[in-house]
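I opened this entry to record what I looked up in the structure. I begin with the ligand and then turn to the chain and its strands.

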Amino acid sequence: MYAIFADIFETVQFALTIGIVNWLAQKAEESRQNGERSIIKTALLGKTISVISSPEGLRRVFYNERICKRNNATIVTSKILTLGNSEDTVVELDGQSHTTRKAFLNNITHVQAINNGLQYFVVAKIEKLIADIKRRIHSSPNAAIDIHFYHELELCTWQIGLQQIIGLETTDEDNDGTISIMRTWKKGYNAIPVDIPFTNFHYAILARNKLYDIIRDQLSLHRKNPSAYPHTILTILLAHNSSKNNGGGGDVSDDAIVHEILHMIEAFTGIPMAVAATLINLSQADPKHTAALSKELNTSADLQSILKAPTVAGLDCLPVLSRTVKEGLRTGAVLVFRLATCIETTEFEGVIINAGETVMANFWGVHKSPDVYVDPNVFNPERWVGNEFGLFGPSGDGENNPNGLYEFVPFGGSLQWQRQCSGSTTAFSIVRFIAAKLLNSLDFEISQNQSYDWKSNLVVPSNQMPCIITAKVDRNEH
Ligand code: HEM
């Protein structure tokens, strides 16, 4: 009986009373107090869950494929949502199929694929977004406009995702901030009362069948007329998939391709969050950080060419921008936890995790851990000086300290070709570019009467990030 009440208590706290990120912070703190541990067992949503809040625990337990099998996002396991209602098409996250799948997916991380995406799809959409905002600013008497910025950015990145991945050109037909596919998707979005991490990737559930159809159509168009889609990720994936000798997988079925492509399109919902987190944190942090970034953007001799024709190499010439975005990814939240199922009973820090139990990777707790970060609650891009471009933590890339790959986990732990997000370098480049472009053309001021306390907000700013935007004369862009 007590266990049931404890479970209900935790569940209510988790989702409703204190919020998910607060709960995650609390669990990290409770485990520390419990003999300097980084693991704590609790009951949640009817399950026994071991919450792990340290890089060591992520490495040794959560990302150890002998011990844990990462769950698909909870909602996706429902059979009705699987393609054609067939079990065969549910692609396993870990296990045998993972290596093939990962080899196939990692083709999107070819520098050429990222540069293509930036040059052919991202620039035009962001320029249009900025032009739209400027038009509204100029028609407003105060030359400043209060907009719900997150929503604008979300629409924009959805369009970028659809175009960059499958070559589908979309427009905002009614000029009401939605595209038709997104309108269906939005219904799913609005139907979820609290913003549960992971639904970020799976808001599209209600639109899934429609999206599957669209992706299938684009797949056949790509096959019929490949020259019409020279730059899309799908073209690159197909080229690698058909060649067994270049590490491309070679045997990924059409159903699996459609499933993976859907995931990638949904994953673009993470990009506006990362941009928003950077902007919100910048606007609230020490003004010296904004000054340092402005100085870099103002004085970079290459900025004009980077903004017109961005490449990964070009963005890597902007260290202040890169460390600001990296810090935004650490302190803001896209995915704050991740679940796995224990497949082999194990012990960590004196706690037994039984096979069949759920294991939670507390990404939020790791990012806020004083054992990993000095003053973890302070937004301080300077902490990344000398480590701006790698998607790993303060201990480095794992060569001398294997935990380094599990300290900075906005994209999950390990390396990209292992368990980490397949789109991490793509996303990092797109977020850096969007942030640079916006900050170069517009001034943002987050409305002072709004609360952007990440601990009370969940993942997406629930009030859609209203902010005052003013246009500035674009630097170096004439
Ligand atoms: C800022 C934006 C993004 C964030 C924060 C993010 C974060 C993540 C995280 C935390 C995971 C789970 C890793 C794990 O299992 O521990 C993941 C997986 C994945 N992401 Fe991303 N992601 C982003 C953007 C993207 C983009 C743009 C794409 C595709 C172009 C993408 C494709 C994927 C794929 C395919 C997986 C599954 C990888 C696997 O199972 O091995 N993501 N992402």
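**Surroundings of the ligand**

I looked up the ligand in this predicted model and found 26 residues surrounding it, the closest being A267, G270, G412, C421 and G423.

I then asked which helices each supply at least two residues of the shell around the ligand. I noted α4 (96-105), α11 (254-267), α12 (270-284) and α18 (424-441).

I sorted the shell by residue class and recorded 15 nonpolar residues, seven polar and four charged.

**The chain as a whole**

I counted 18 helices and 10 strands in the secondary structure of the chain.

I checked burial next: the chain has 478 residues, and 46% of them count as buried.

I also looked up the contacts with a separation of 6 or more, and 71% of these come from residues 24 or more positions apart.

**Strand β2 and its partners**

I followed strand β2 (residues 47-52) and found that strand β1 (residues 39-44) runs antiparallel to it, the two being joined by six bridges. Within this pairing I noted that T42 has I49 in β2 as its bridge partner.

I examined the hairpin of β1 and β2 and found two residues between the strands. In this hairpin, L45 takes a positive phi near 50°.

I then asked in which sense β2 pairs with strand β8 (residues 358-362). The sense is parallel, and I recorded four bridges between these strands. Here V51 stands opposite M360 in β8.

Methods: Residues numbered from 1 in each chain as written. Predicted model: local features only at pLDDT ≥ 70, side-chain atom pairs only at ≥ 80, totals over all residues. Near = placed C-beta within 6 Å. Nonpolar A, V, L, I, M, F, W, Y, C, P; charged D, E, K, R; others polar. Buried ≥ 20, exposed ≤ 12 C-beta atoms within 10 Å, placed from the backbone. Contact = placed C-beta atoms within 7 Å. Pairing = 2+ DSSP bridges.
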